[in-house]
Amino acid sequence: MDITINKQVRGVMPDLKDKELVDKMVDEKPVKSRLGILILMAVGFLVVIFGALMIYVMTQTNKTSQNDSGTSSPKVTKNVTSSKYVAGKDYKITYSNQNVIDKGVLDKALKESYLDNIDDLMDTSGNGSNMAKIEVYYNKDKNLLVERLFENGYQGDQETHTVVHDISKSKIPDNGEIPDGRYQGLPLVYKWEKMVK
């Protein structure tokens, strides 16, 4: 019985003496399987990279939406956020007499006068404001802010410039500089001081 099965098997199987056919069959299988493995590895790598990017984008979007919704910290102006200087270390801001003027109105006027750009205020180059101190007084009768600007190297209590800001017109008038002493008797509502020398 074993002899008949062996004969049947030999009849179905190709002649193994043909070396070229055997070599061809041996060579084709590994190449096809290697190519398939390489394709699967490339697809897997791309899926992992894409998944990591999606997770990163989702976490960044979540952080941004939390900041926008106000759940983390109060919203600050872009210039303050991107500043390389640190409040309390490089400079100090003090709001006083807040019951005299609304803080939002004051902050808007400071932005219009470019007094909210900390990087510019701290900049001592020829392009920067080169400020050491700023005092802002409020004239309630005329709805004006009087800004005393002290550049680095000022002497005593003598400001370098005094500028008026018209809150109702949201601008500094054409001749924004005013004579010394126009702030006397007005409440101080805002003070910015450079702490580093």
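Me: Which residue stands opposite Arg-148 in β3?

Reply: Glu-135 does. On the other side of the question of pairing, Arg-148 also stands opposite Thr-162 in β4. Strands here are DSSP runs of E, at least two residues long, and helices are runs of H or I, at least four, numbered from the N terminus. The model is predicted: local features need pLDDT of at least 70, side-chain atom pairs need 80 or more, and totals for chains, interfaces and linings use all residues. Residues are numbered from 1 along each chain as its sequence is written, and side-chain values use heavy atoms, without hydrogens and water.

Me: How many bridges join β2 to β3, and which way do the strands run?

Reply: Two strands pair if DSSP finds at least two bridges between them. Strand β2 (residues 131–139) and β3 are joined by eight bridges and run antiparallel. Strands β3 and β4 also run antiparallel, with six bridges joining them.

Me: Is β3 mostly covered or mostly open?

Reply: Mostly covered: of the eight residues in β3, seven are buried. Buried means under 20% relative accessible area, exposed over 50%, and partly exposed in between (1.4 Å probe, protein chains only). Over the chain, which has 197 residues, buried residues make up 23%.

Me: How many aromatic pairs are there in the whole structure?

Reply: A search finds three. Rings of Phe, Tyr and Trp (its six-membered ring) pair if their centres lie within 6.5 Å; planes under 30 degrees apart are stacked, over 60 edge-to-face, the rest tilted. One of the pairs is Tyr-91 with Trp-192, which is stacked, at 6.3 Å centre to centre and 25° between the planes. Tyr-91 belongs to strand β1 (residues 91–95) and Trp-192 to strand β5 (residues 188–194), so this pair ties together parts 101 residues apart in sequence.

Me: Are Tyr-91 and Trp-192 buried or exposed?

Reply: Tyr-91 counts as buried, at 4% relative accessibility. Trp-192 is buried too, with a relative accessible area of 0%.

Me: Which kind of pair do Tyr-95 and Tyr-190 form?

Reply: An edge-to-face one, with 70° between the planes and 5.3 Å centre to centre. Tyr-95 lies in β1 and Tyr-190 in β5, so the pair ties together parts that are 95 residues apart in sequence. Tyr-95 is partly exposed, at 25% relative accessibility, while Tyr-190 is buried, with a relative accessible area of 3%.

Me: What sits over the ring of Tyr-95?

Reply: The charged end of Lys-103, 4.4 Å from the ring centre. The rule asks for NZ of Lys or CZ of Arg within 6 Å of the ring centre and within 35 degrees of the ring normal. Lys-133 gives another case: its charged end sits over the ring of Phe-150, 4.4 Å from the centre.

Me: Where do these strands fall in the chain, and how many helices and strands are there?

Reply: The chain has five helices and five strands. Along the sequence, the pattern is α-α-α-β-α-α-β-β-β-β. In that order, β1 holds Tyr-95 and β5 holds Tyr-190.
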